Amino acid sequence: MNVPEHVAIILDGNGRWAKSKGMPRNYGHVIGARNLEQITEDAWDLGIKYLTVYLFSTENWKRSRDEVGSLMKLFHQYMKTSIERARKNNMKVRVIGDPTAFTQDLQDSIRALEESSKNNTGLNFQLALNYGSRDEITRGMRRMAADVKSGRIEPEDITEDTIRSYLDTADIPDPDLLIRTSGEQRLSNYLLWQLAYTELYFTDVPWPAFHKEQLEEAIRAYNLRDRRFGGVKGDK
């Protein structure tokens, strides 16, 4: 079986899953975080080299104050426990997005996790936090415009590779497969530049119930796609 090098996942359905169990939404987020820990191991066991997951979008700040507060506490705890887990599993962990909106404590935890795992050689694990693709592109273009203004870049020399170099994922290959859980079929402002030729897979299974067998099913579906460089065979 051809295993995709890079899998991106939109982790959806935590709240609905919890509600179906008669539990509060925050319970779904806690179980979803635990599931993510296992999926990182499963992904590496299957041969996936890069895993990028959408944890908190720039739009998620619009959720209730209680839910956002609970998520921030969960993220802070997750960052701290991930230092030991990354060491144990040899994972290189990076955060994409704009962390400056978070508290200083959470920013410090993110930097500590990235620094402690930067030389690991196993799974490349990207966490999208306070991430939105339009925001990512806007931030990148502001930096590029500043470099043009200062003379470090000439406008006529700008290529797709130049633009890519200003994105949060500059040194990460584009995803081969995107998975979205819990039945929604939209990209939700996630990796819009990077997903240009990515295979899309949607499942009704909510994230807390998405396990290794569901990941394998997504990879089998990926193998049924007729791909070639630059897109799917038959594209014009």
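Visitor: At roughly how many degrees do the axes of helix α3 and helix α4 cross?
Guide: In this predicted model, α3 spans residues 65–89 and α4 spans residues 104–117. Their axes come within 9 Å. The angle at which these two axes cross is roughly 20 degrees.

Visitor: Are α3 and α4 roughly parallel or oblique to each other?
Guide: The axes of the two helices cross at roughly 20 degrees. Angles under 35 degrees count as roughly parallel. Therefore α3 and α4 are described as roughly parallel.

Visitor: How many nonpolar residues does the contact of α3 with α4 hold?
Guide: On the α3 side the contact includes Met72, Phe75 and Ile83, and on the α4 side it includes Leu106, Ile110 and Leu113. Five residues of this contact are polar and two are charged. The number of nonpolar residues is nine.

Visitor: Is α2 roughly perpendicular or oblique to α7?
Guide: Helix α2 (residues 25–46) packs against helix α7 (residues 212–223) with the axes 10 Å apart and at an angle of about 45 degrees. Angles from 65 to 115 degrees count as roughly perpendicular, and under 35 as roughly parallel. The relation of α2 to α7 is therefore oblique.

Visitor: How many charged residues are in the contact of α2 with α7?
Guide: In α2 the residues involved are Ile39, Asp42, Ala43, Asp45 and Leu46, and they meet Lys212, Leu215, Glu216 and Ile219 in α7. Five of the residues in this contact are nonpolar and none is polar. The charged residues number four.

Visitor: Which strands are the edge strands of the open sheet?
Guide: Six strands form this sheet, with parallel pairing, in the order β3-β4-β2-β1-β5-β6. An edge strand pairs on one side only. The edge strands are β3 and β6.

Visitor: Which residue in β6 is the bridge partner of Leu178?
Guide: Strand β5 (residues 177–180) is joined to β1 by four bridges, and Val7 has Leu177 as its bridge partner there. β5 also pairs in the parallel sense with β6 over four bridges. In β6, the partner of Leu178 is Leu200.

Visitor: Are the residues on the two faces of β5 buried or exposed?
Guide: Leu177 and Ile179 lie on one side of β5, and Leu178 and Arg180 lie on the other. Both faces of the strand are covered. These four residues are all buried.

Visitor: Which residue in β4 is the bridge partner of Ile96?
Guide: β3 and strand β4 (residues 124–131) run parallel and are joined by five bridges. In β4, the partner of Ile96 is Ala128.

Note on methods. Residues are numbered from 1 along each chain as its sequence is written. This is a predicted model: local features need pLDDT of at least 70, side-chain atom pairs count only at pLDDT 80 or more; totals for chains, interfaces and linings use all residues. Side-chain values use heavy atoms; hydrogens and water are left out. Axes are lines fitted to C-alpha atoms, for helices over the stretch in contact, and angles run from 0 to 180 degrees between N-to-C directions. Angles under 35 degrees count as roughly parallel, over 145 as roughly antiparallel, 65 to 115 as roughly perpendicular and the rest as oblique. Contact means heavy atoms within 4.5 Å. Ala, Val, Leu, Ile, Met, Phe, Trp, Tyr, Cys and Pro count as nonpolar, Asp, Glu, Lys and Arg as charged, and the others, Gly among them, as polar. Buried means under 20% relative accessible area, exposed over 50%, partly exposed in between (1.4 Å probe, protein chains only). Two strands pair if DSSP finds at least two bridges between them.
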